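Here is a quick tour for someone meeting this structure for the first time. Take a look at the model, then read on.

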Amino acid sequence: MSDTWKIQDSISRSAALAFYLLVAGFFVVVALLGIAEQFFLNTLMLPILSLTLVKICALISLGFSAVVFQWHKLRWVSGLLLLALAIKLSITGVSSLHELSGIPLSVLVLLLTMAAAALLLPLHSNVSRYLWQVLAVVTFSYGCFLQLSLWLPILPAAAQTPFSSSLIPVMLLTGGVALALRQHFALTATGTLTRSTLIAIVMFQAGYGVWFALMLYDIRYETHLAEQKTQRVVNQVQTQLQFSESLFSRANARWQRVDVAQRANFIAADLTDLTNAYTLIHGAIVYDAELKPALLTGKAEAFYQKGLLNSAALLSWLQQPASEFTIATNGASLQTNQPFLMLKVYVPIAEARDQVVLILINLQQALITENTDNGAQLKIYLEALPDVLLSADATSFHRATFAELTQRYRYYFKILPSEQPWNGRAFYVFVSDISALQARSRLHQIVLWVALVFCCTFVLAADRTRLLHREKAKLVSLAKFDDITGLLRRDAFYQATEMATPQSDALPEAMIFIDLDGFKPINDSFGHDVGDKLLTEIANRIRLLVGEQTLRAQGYY
């Protein structure tokens, strides 16, 4: 007997089939929960599974399940769809790497093309067998690389989502092993699945469900923190604007109580004091009836000299009738380092028509807030104009375009404040650091590995138990029946006759002994093989003559 180890020594064909179906079921539940995420969980801050990954899992699960169940048409359809997806990705590419869950486009296209070819080629051809082996090796090897990249930061790794970075290595490693087992055993599923196989599939899917629930809790928590922080920024700006309105509402009330002849001088002194007292106020400008500047305080004169307060659009806005207070963004100032909002107030100065007081509110002072939250690091930007976003970060207030920010940060989502004064202005929340989420993702991956090890152990234990029962039944049969004729051995015959209970209405019973004369010369002349065949034929003829209800035994004397 050879001492060379073979895979059959550790795993049977039925256990290999159970593991293959367990992995196929794993891909099925990944696809199903991914579809549920696309429909019902699309408001999350970060995606758990990308749409591309969901499509791939669905096609892989259908195609490779069709292989073992011999559903040839479904196998071909899945192969064609995988090939079409690979061609589409290679031609059009993707808008961002996280759509591929961090896998480089070239590697993903290669894996999809090889999987499609494995499904489309005849399964028993030499090319197909070689392709299945190569696909298994490549898949398993790349899964090992991703797993090492996850746990060893010294290895280079592509930018992945924090959640798929822990899921994809498990999928590739188990998928590579399943492909190797299918190729080695030429697995096919006939009849119904064993109970242990079904239990293992359900248990592993439950383990993935636990992992998905943990990921969902993490991302919901981070999304809640982001919404809370954004709401604090909204409330802060709203409070600053309300404070400014209240401040100048009281000032306007004071101005109205002053004699008309002295009102202009009083307003000038009041605006100068307010500008100097509050950093929130850049300055103020008073326009006369012809919309010419009659008074400038603080930084208003510098802004006016730069053309920020005398544009045609601004003058047209000043002429529009409005309520006591009207707020607008100065679009030209957004291109500078000192963006500001404008608070418009109508004040009667003399008998002529009302003059306009324009208060310049420091938008940076109103917007910035401190980051005091744990978890993912967030950058909040106010959409001041369609392509101009202002940072709400106290340490680095700046403006940027949406294109620049999407190049800098991979993940973002949009929040529309519900308050009426915002007039549809949106806040964008960009995730700048996901290291905390990645750390939790590595921890949660243990759930997948524990579930996988438990299910594999269960499958092997159930398979080993089934084999032991089969061997036991075989040994019992060998001890009871002759291995050549299939007749009861003498001891088993005596035991059966002793245990037989006579019935009152039974017919008389008899025991017949049949002696085979001249049998030894046949063994000596033609060999034991011919003698064994003769004994088997005699036993079969006796069975036909006396029927199955008769006890038949063989004895040697």
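Predicted model: local features only at pLDDT ≥ 70, side-chain atom pairs only at ≥ 80, totals over all residues.

Let's start with some strands: E6 (residues 377–385) and E7 run antiparallel, joined by 4 bridges. (Strands here are DSSP runs of at least two residues, helices are H or I runs of at least four, both numbered from the N terminus; strands pair if DSSP finds at least two bridges between them.) Residues are numbered from 1 along each chain as its sequence is written.

E6 and E7 make a hairpin with 2 residues between them. On its other pairing, E7 meets E8 (residues 399–400), again antiparallel.

| Strands | Bridges |
|---|---|
| E6 and E7 | 4 bridges |
| E7 and E8 | 2 bridges |

Tyr381 sits opposite Ser391 of E7, and Leu390 faces Arg399 of E8. Which way do the side chains of E7 (residues 388–391) point? Val388 and Leu390 go one way, Leu389 and Ser391 the other, and all are buried (under 20% relative accessible area, with a 1.4 Å probe and protein chains only).

Now for the nonpolar core, a set of buried Ala, Val, Leu, Ile, Met, Phe, Trp, Tyr and Cys residues joined through side-chain atoms within 4.5 Å. In the largest one, with 119 residues, Ile48, Tyr208 and Phe248 touch the most other members. Helix H7 (residues 195–257) gives the largest share of this core, 18 residues.

Terms used
Heavy atoms only, no water. Buried < 20%, exposed > 50% of the residue type's maximum accessible area, 1.4 Å probe, protein only.
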